[in-house]
Amino acid sequence: MMRLDHRCFMMSTGSASRISQQHFQMGLGFYSRTSHLSSFTVKPSSGLLVSHAHRVQQRMITSTGDFRLPVGCLQCKSPREIPFLSDSSSQQEDDLELHSEGLPSVRGGIVALGKFDALHIGHRELAIQASKIGPPFLLSFVGMAEVLGWESRAPIVAKCDRRRVLSSWASYCGGVVPGEFEVEFSTVRHLTPRQFIEKLSKEFGIRGLVAGQNYRFGYKAAGDASELVRLCKEYGLGAYIINSVMDKYQDSKNRGFVDSKERGQVSSTRVRYALAKGDMRYVSELLGRRHRLMLVFKDEEGFTYRKHSLSAPKTCLLNQPPSNNFYENCSLLVAGKTIGPCGVTIGTTQIHLESDNIDSCIPVISQDSSVLGIEFSDLRI
């Protein structure tokens, strides 16, 4: 019996949730027909720490909470126009407060708001702008599918692969790996825009917010970007609104994409559309990297091994695969390390791998509790 990497089963229900057309138009508005105010809780994702956190884990840093960014909004013609403030890395480091368990809190940080399912280039841009102002954090909501009654679906990025993706953003973010915090949607779904900003300011002690121009928030998505700026000014927070990163390939590649709520921006919906078409070059353009599919073997049932080939049920998949087809020039990875090239056939119920390196992978998967990764080429099929 194979041992499993249980970390890969810690899948975010938020990232696995179904984005309804109404909710997509609202951005990340909190939508509900009931009214009950609940407490605000945060779950720090393990391992996703800003790069300098290890240097301060040995001491508790106390923040007075009195320091705030200059109030205002930067309405950018281009996201790259947000300037660096004068804060040095050491100042940013001293503004972080650590929880008693050694994980960094969001206090003193700059929070990017969004639903970071795909971690695409639009999400990366939010992290870049946050890093120019202070320690960057992605604040997203989980448990939306259960609360809103959506059908769950596989995330675009496997939970166990998010750290790798965020770490790859460090080169864009001044050498800092964005932190990631998850907020249970059930605890904020009824908050008005004012209550939401008040929680972020008083309970989290953040220094500022970064959001896209189409971002909506609060009960029934009542707040928009201008409301966000107004409330942040009232609570002494910096508010930074950036233009959406547009899909520059939409005319040539999105002819079959029909969504009346779309404004042409890069989105998780577009990534899912590209995956459903099997257009891996388009997927790579939207993600800013090649798509990586993660597999873990829950048991040996349905698992077939032959020389240079491996078949497994699609129930082993931890994130969304491309459409049913054959994909060549892929890379096979074990424990995050590239083993060699492979060909992949995605079927209705099975995934089939062919590689001269399969033989060496089987003992590693069986004995070292490793997951198997497939990185898809962005070449045409």
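The following legends describe close-up views of a predicted model.

Local features in this predicted model need pLDDT of at least 70 and side-chain atom pairs count only at pLDDT 80 or more, whereas totals for chains, interfaces and linings use all residues. Residues are numbered from 1 along each chain as its sequence is written, and side-chain values use heavy atoms, with hydrogens and water left out.

**View 1. The buried face of helix 6 (residues 193-203).** Pro193, Phe196, Ile197, Leu200 and Ser201 are buried (under 20% relative accessible area, 1.4 Å probe, protein chains only); helices are DSSP runs of H or I with at least four residues and strands are runs of E with at least two, numbered from the N terminus. These buried residues fall within an arc of 125 degrees seen down the axis of helix 6, so they line one face of the helix, the arc being that of the directions from the helix axis to the C-beta atoms.

**View 2. The aromatic pair of phenylalanine 137 and phenylalanine 181.** The structure holds 5 aromatic pairs (ring centres of Phe, Tyr or the six-membered ring of Trp within 6.5 Å; planes under 30 degrees apart are stacked, over 60 edge-to-face, the rest tilted). Phenylalanine 137 and phenylalanine 181 form an edge-to-face pair, 5.8 Å centre to centre with 70 degrees between the planes. Because phenylalanine 137 lies in strand 4 and phenylalanine 181 in strand 5 (residues 179-184), the pair ties together parts that are 44 residues apart in sequence. Phenylalanine 137 counts as buried at 1% relative accessibility, and phenylalanine 181 at 6%.

**View 3. The aromatic pair of phenylalanine 196 and phenylalanine 217.** This pair is tilted, 6.1 Å centre to centre with 45 degrees between the planes.

Definitions and conventions. Buried means under 20% relative accessible area, exposed over 50%, partly exposed in between (1.4 Å probe, protein chains only).
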